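Dear colleague,

Please find below the structure for your review. My notes on what was found in it follow directly after.

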Amino acid sequence: MRREMWTALVAGVLCIVSIWGGLAAVGQADLPFAASPAPAEQDPDAALTEGSASQGQFQAVRTLSIDHGSRVNFWIRNNGAVPVEITIDRTRARVIQPGAEGHISADIDFSRRDYTFRARTETDSGKIDIDYKIAQRA
């Protein structure tokens, strides 16, 4: 009798677990023990930093590691009236015209280090008006 009772109990638990797993697979139930995704499984295109800048120039320094992706992108939309030059570590310069958008990219070194993202007017005169995103990608 005891053996039959344990068999029935195990069969019932397996049945509940399989039904619960099936519902979770089709999005009908959440598993209470489901953990949040590991950093590597998160959206690789998620922005590290984003915002707007309206000043003489924009500069941001971020410490990056290859653990979070092998490339970093610096994107801007130029909302101002003057061309804006963007750089990463004062290299890979690209000029974005008024009303346009564009980006530049850089490879991430194996060692953890600071990267400097800069946007300024070509002539260092006037004021920039930009929306920006800095995102590290796999």
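**The nonpolar core**

The largest nonpolar core holds 21 residues, and the ones that touch the most other members are Phe-58, Phe-74 and Ile-130. At least two residues of this core come from each of strand 2 (57–64), strand 3, strand 4 (84–88), strand 6, strand 7 (113–121) and strand 8. The most is given by strand 8, which supplies 4 residues. Please bear in mind throughout that this is a predicted model.

Ile-130 deserves a separate entry. Leaving aside residues up to four places away in sequence, Ile-130 touches Gly-51, Ser-52, Ala-53, Phe-58, Ile-76, Arg-77, Asn-78, Asn-79, Val-84 and Ala-119. One of these contacts, Asn-78, is also the bridge partner of Ile-130 in strand 8.

**The sheet**

Strand 3 (residues 71–78) and strand 8 (residues 128–137) run antiparallel and are joined by 8 bridges. Both strands belong to an open sheet of 4 strands, in which the order is 1-8-3-6 and the pairing is antiparallel. Strand 1 (49–55) and strand 6 (101–107) form the edges; each has a single partner strand, so one side of each is left without a neighbour in the sheet. From one strand to the next, the twist averages 20°. In general terms, strands of a sheet pair through backbone hydrogen bonds, in either a parallel or an antiparallel manner.

**Strand 4 and the residues that follow**

Glu-85 is located in strand 4. Is this residue, Glu-85, buried or exposed? Its relative accessibility is 18%, and the limit for buried is under 20%, so Glu-85 counts as buried. Not counting residues up to four places away in sequence, the contacts of Glu-85 are Ala-93, Arg-94, Val-95, Arg-118, Ala-119 and Arg-120.

Two backbone entries may be of interest to you when you examine torsion angles. Asp-89 is not a glycine, yet it has a positive phi of about 55°. Asp-89 sits in the loop between strand 4 and strand 5 (91–96), and with 24% relative accessibility it counts as partly exposed. Arg-92, likewise not a glycine, has a positive phi of about 55°. Arg-92 is placed within strand 5, and its relative accessible area of 41% makes it partly exposed.

Yours sincerely

Notes:
Residues numbered from 1 in each chain as written. Predicted model: local features only at pLDDT ≥ 70, side-chain atom pairs only at ≥ 80, totals over all residues. Heavy atoms only, no water. Pairing = 2+ DSSP bridges. Axes fitted to C-alpha atoms, helices over the stretch in contact; angles between N-to-C directions. Core = buried A, V, L, I, M, F, W, Y, C linked by side-chain atoms within 4.5 Å. Buried < 20%, exposed > 50% of the residue type's maximum accessible area, 1.4 Å probe, protein only. Contact = heavy atoms within 4.5 Å.
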